[in-house]
Amino acid sequence: MFNIFQTGEEKNFSWNMIGNIAEGRKNLGEGMPVMMYRLFQYSLRSELSQRFGEEMAREIFRSAGEHSGREFALHMLDLTLPLNDFLASLQKILEVHKIGILRIEKFDPHTGYVVLTVGEDLDCSGLPVTGDLVCNYDEGFLSGVLKEYTGKEYVVKEVDCWASGSRVCRFEASVDHQTKV
């Protein structure tokens, strides 16, 4: 048994908090319109921004994304696969779960530097162009996945976004040499 509202490191988000969706949603199933996901995400983002400021809201989304990415990697991905197979598996599972269409543009195996895109991104594809980069949750999510696979701290920054006028979200990921794992 767990309490979602408990605090402290031992009470951090974990995979078991998702519960048994198949059992709990026998009629409705796992599918949900993107509109409902965004309704939740952007109302929460707005509330956090109003209470704590925009930068803190972005950081909270990044941190939540990282926790989710790590749990996702541990429970949905084979972390023992060779790099190319791992990336192919990640591409497939993100598409199967309708998160987005992942493409790797560049990868330097010596430094760990990665440039990747996510098309039809769950968070932003179809938003009005505002000039903003809004996929902070995705930054954290990708960071968490990369951290679990490589065992290294990653910093992931969005450099292009649907909301900034691009038609894909582009992320640059690099190993954070400042942080000890």
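Mentor: Let's go through some terms one by one. This is a predicted model, where local features need pLDDT of at least 70 and side-chain atom pairs count only at pLDDT 80 or more, while totals for chains, interfaces and linings use all residues. Residues are numbered from 1 along each chain as its sequence is written, and side-chain values use heavy atoms, with hydrogens and water left out.

Trainee: Why is M35 called exposed?

Mentor: Exposed means over 50% relative accessible area, buried under 20%, and partly exposed in between (1.4 Å probe, protein chains only). M35 has 60%, so M35 is exposed. M35 is found in helix 2 (residues 34–52).

Trainee: What makes helix 5 mostly covered?

Mentor: Of its 15 residues, 14 are buried.

Trainee: How do you know that the span of helix 5 is close to the expected one?

Mentor: The expected span is 1.5 Å times one less than the number of residues. Helix 5 (residues 136–150) reaches 21 Å from its first C-alpha to its last, against an expected 21 Å. Just after helix 5, G151 takes a positive phi of about 80°.

Trainee: What makes a set of residues a nonpolar core?

Mentor: Its members are buried Ala, Val, Leu, Ile, Met, Phe, Trp, Tyr and Cys residues joined through side-chain atoms within 4.5 Å. The largest here has 35 residues, and C124 and V145 are among those with the most contacts inside it. Helix 5 gives the most to this core, with six residues.

Trainee: Which residues count as contacts of C124, beyond its neighbours within four places in sequence?

Mentor: Contact means heavy atoms within 4.5 Å. The partners of C124 include R38, Y42, C161 and W162.

Technical notes
Helix = DSSP H or I, 4+ residues; strand = E, 2+ residues; numbered from the N terminus.
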